[in-house]
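Work through the following exercises with the sequence and the model at hand. Each task is followed by a solution in steps.

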Amino acid sequence: MRNLHVKILALVLVGIGLCLCWYKVTRLGLPLLPTEKAEVWTVEARIEFKARHDTPIKVQFSIPRQPQGYTVVDENFVSSNYGLGTGDDGQNRQAQWAVRKSKGYQVLYYRIHLARDPTAPPMVDAAATLPVATAGARDPQFPELIRSAALGLMEEVRSKSADSASFAGELLSRLNTPGTDPNVALLRQDIQSPEDWARRLANLLALANIPARTVHLLLLRDGISHGALTPWLEVYDGSQWRSFNPQTAESGFPKDALIWHIGAGPVLDIVGGKYGKVEFSVTERTQDRTLVAEQRARQMGSRLMEYSMFSLPVGTQNVYRVLLMVPVGAFLIVFLRNVIGLKTFGTFMPILIALAFRETELLWGLILFCVLVGLGLVIRFYLEYLKLLLVPRLASVLIIVILLMMAVSLVSHKLGFDKGLSVALFPMVILAMTIERMSLVWEELGPAEALKQGFGSLFVASLGYLSMSSRFLGHLVFVFPELLLVVLALTLLLGRYTGYRLTELWRFRAALRG
């Protein structure tokens, strides 16, 4: 009955731990491996204009609003003496700078760091749910000659289409196909820029009672400097917005596109200044995926991340990065003692020694430990002849251990071995108790058994050091501390193990064969 209770409890702990871990990996995007990196794009917009004399200046600049497929890692505004505010009209987000007066050329910067979201679906229009009334021109005005050419062309296109999307695709194909069609030539004759062309297409579609609007995209390509936004076209098909390349009639957005501005309004609007222009620079770099996922989870308002280890101060985080590894070392000792059958001095002495090894490194830690325990053991044998009571004897051993540690530090420092200074990090009480217990075992069971348990302790401490120094395990228990519930479940199960240990099977192998 007790076994069943323990098994059910262990199953519940494993289930809770793995479910929380699964949620963090699949929903929050936290990586299982510490080496996973994320692509981070740094986009910088440089706004330049000349201020009018003694005139208040107001600058409104569109900035990305919840960029689909990306996580905003950081966002900065550089504006010296300008006041800064941000606004959101439900379709576009704007940065607004203002200053009472200024003179000469002015430069403002906007910088955003974006990481690609691996869990995001392919990019569609970020404002697909907006009402159609927010679309572009509803009743465009054309000169009579252009209007006649447009109506003539659309009559031909209408017969070769079935709905709004196919109409837009056919119209764009006709307008972008070189040929001798006089209507097409007339519609293209006064176009000066790609933006004019996208706006003309939106107006033509509006003339056909099809809602359409222009969208400005920033193409994320490493190394771009002095770049500009690329105008795109969107058409409402009655249920959602469909995007088209206004130059080729291809549908969809480019894979590396970021929606910067939606609608026919200006991207940059300056009051009190002239000669305004904006240039974009784009660079790509890699960053720890854990930091990116943490930022993304905070933007999602995840309660789980709010109460995670990442919410603690950095200094406290570093303390827990060590403490959370102790249960891993404890489980290792449970396994080695209950399943393998190794003997050690004390239950958790190897863990504390392994923690000290993290500072001294393994080889120097083993050397310093052997020196201290060896010298301490010699002095402890001398104390035996003095016939002291237990507590004074333990206190004497502790004082001797501290004196030995001090002596080792001084000698190693004089000899130039800086690693010897780290002997001060050894747990002195644990060393004193180890010396005491080793001397008792030496006297009662002989030197062979004492040395056997001593080397067993060092072996376990070495394995504990290797496991607790693992970058992979350290990452797992810190990012997914709920996995310690799984460790607890395994420890509980081992606590009910009453079978043979491996060393016992080896010891009685002859009897087992018989």
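**Exercise 1.** Give the strand order of the open sheet that contains β10, and name its edge strands.

Solution. The order of this open sheet of 4 strands is β10-β9-β7-β11, and the pairing is antiparallel. From one strand to the next, the twist averages 40°. Strands here are DSSP runs of E with at least two residues, helices are runs of H or I with at least four, and both are numbered from the N terminus. Two strands pair if DSSP finds at least two bridges between them.

The model is predicted: local features need pLDDT of at least 70, side-chain atom pairs count only at pLDDT 80 or more, and totals for chains, interfaces and linings use all residues. Residues are numbered from 1 along each chain as its sequence is written, and side-chain values use heavy atoms, with hydrogens and water left out.

**Exercise 2.** How many bridges join β7 to β9, and which residue stands opposite Ala-212?

Solution. Strand β7 (residues 212-219) and strand β9 (residues 230-236) run antiparallel and are joined by 6 bridges. Opposite Ala-212 stands Val-235 in β9.

**Exercise 3.** Which strands do helices α3 and α5 lie across?

Solution. Helix α3 (residues 164-175) lies across β9 and β10, at about 15° to β10. Helix α5 (residues 194-207) lies across β7 and β9, at about 10° to β9. Angles run from 0 to 180 degrees between N-to-C directions of axes, which are lines fitted to C-alpha atoms, for helices over the stretch in contact.

**Exercise 4.** Is Ser-243 buried or exposed, and what does Ser-243 touch?

Solution. Ser-243 belongs to strand β10 (residues 241-244). With a relative accessible area of 9%, Ser-243 is buried (buried is under 20%, exposed over 50%, partly exposed in between; 1.4 Å probe, protein chains only). Leaving aside residues up to four places away in sequence, Ser-243 touches Trp-232, Leu-233, Glu-234, Glu-250, Ser-251, Gly-252 and Phe-253 (contact means heavy atoms within 4.5 Å). A polar atom of the Ser-243 side chain lies 3.5 Å from the backbone nitrogen of Phe-253.

**Exercise 5.** Why is one side of β4 and of β12 left without a neighbour in the sheet?

Solution. The open sheet of 4 strands has the order β4-β5-β2-β12, with antiparallel pairing. β4 (83-88) and β12 (268-271) stand at the edges with a single partner strand each, so one side of each has no neighbour in the sheet. Neighbouring strands of this sheet are turned by 15° against each other on average, direction ignored. Within the sheet, β2 (residues 57-63) and β5 (residues 93-99) pair in the antiparallel sense over 7 bridges. The bridge partner of Ile-57 in β5 is Val-99.

Terms used:
A polar contact is a pair of N or O atoms within 3.5 Å; within protein, one must be able to donate a hydrogen and the other to accept it, and residues adjacent in sequence count only if both atoms are side-chain atoms.
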